[in-house]
Amino acid sequence: FNPTNVSSNPAIELGIEKISAGDLVSARNIFERAIKLRPEVMQYHLLLGMVHHLEYQAGNDTDQLALTAYEVASRLDPREALPFVLTGSLHFHASRYNEAKTAYLKAYRRDPLRPDALDGLLAASWYSGALDLGSDVAKEAFGRGKLTETVLRFDLFSNAISGEIKKIEP
């Protein structure tokens, strides 16, 4: 989901404008009203979740509201990975690494070519101590040629820990 690619939807455009201006209260109100009118629109739930996520990062107790909105968005579009990427991000920044790993794994399963799902999964795997999962994912990424900086770092560090340093070809 890329909010800039949404075909002329006034609620989305105005809500994003309010988010960009830092007016989270107005953005929240816009998306809540839009959801009342059209609860089937995944983007409204996703953007409302992002507003709650930003409010949480500002010190408010809105993480559960963000998680609920992301969950609804994930159910409305079962192909979209972004709700799980954002769920993983929220958990990761709250130091809930196992929950972050679970969310990023769901995102990765929906879209294994998505760099933020891959990198988030590797970081959460490292922080949660799930090095076997991270190693498997890094090997899979190597096999597909997805050599992000996070993949290379994870591979290097996990191999250094296991004593299996190998030469990485450019």
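Trainee: How many residues does helix α4 have, and how far does it reach from its first C-alpha to its last?

Mentor: This is a predicted model, so read every value as computed from it. Start with length against expectation. A helix is expected to span 1.5 Å a residue. Helix α4 covers residues 63-76, which is 14 residues. It reaches 20 Å, close to the 20 Å expected.

Trainee: Which residues of α4 are buried?

Mentor: Burial is read from relative accessible area, with under 20% as the cut-off. In α4 the buried residues are D63, A66, L67, A69, Y70, A73 and S74. Now look down the helix axis. These residues fall within an arc of 165°, so they line one face of α4.

Trainee: What do the buried residues of α4 pack against?

Mentor: Three helices: α3 (42-57), α5 (82-93) and α6 (97-110).

Trainee: Which residues touch the most other members of the largest nonpolar core?

Mentor: For a core, look at its members and then at the elements that supply them. The largest nonpolar core has 28 residues, and L46, L118 and L122 touch the most other members. Elements giving two or more residues are α3, α4, α5, α6, α7 (115-128), α8 (131-144) and α9 (149-162). The largest share, 6 residues, comes from α5.

Trainee: What is L122 in contact with, leaving aside neighbours within four places in sequence?

Mentor: L122 is in contact with G134, V137, A138, T150, V151 and F154. There is also a second, separate core of 13 residues, with F31, A34, I35 and V51 among them.

Trainee: How many aromatic pairs does the structure hold?

Mentor: It holds 5. Read each pair by centre distance and plane angle. The rings of Y97 and Y127 have centres 4.9 Å apart and planes at 35°, so this pair is tilted. Y97 sits in α6 and Y127 in α7, so the pair ties together parts 30 residues apart in sequence.

Trainee: Is Y127 buried or exposed?

Mentor: Y127 is exposed, at a relative accessible area of 51%.

Trainee: Where do W126 and F157 lie?

Mentor: W126 is in helix α7 and F157 in helix α9, 31 residues apart. They form a tilted aromatic pair, 6.0 Å centre to centre with 55° between the planes. Both count as partly exposed: W126 at 32% relative accessibility, F157 at 43%.

Trainee: Which residues do ring pairs link into a cluster?

Mentor: Follow the pairs from ring to ring. Here they link F92, Y97 and Y127.

How values were computed
Residues numbered from 1 in each chain as written. Predicted model: local features only at pLDDT ≥ 70, side-chain atom pairs only at ≥ 80, totals over all residues. Heavy atoms only, no water. Helix = DSSP H or I, 4+ residues; strand = E, 2+ residues; numbered from the N terminus. Expected span 1.5 Å × (residues − 1). Buried < 20%, exposed > 50% of the residue type's maximum accessible area, 1.4 Å probe, protein only. Arc of directions from axis to C-beta. Contact = heavy atoms within 4.5 Å. Core = buried A, V, L, I, M, F, W, Y, C linked by side-chain atoms within 4.5 Å. Phe/Tyr/Trp six-rings, centres within 6.5 Å; stacked < 30°, edge-to-face > 60°.
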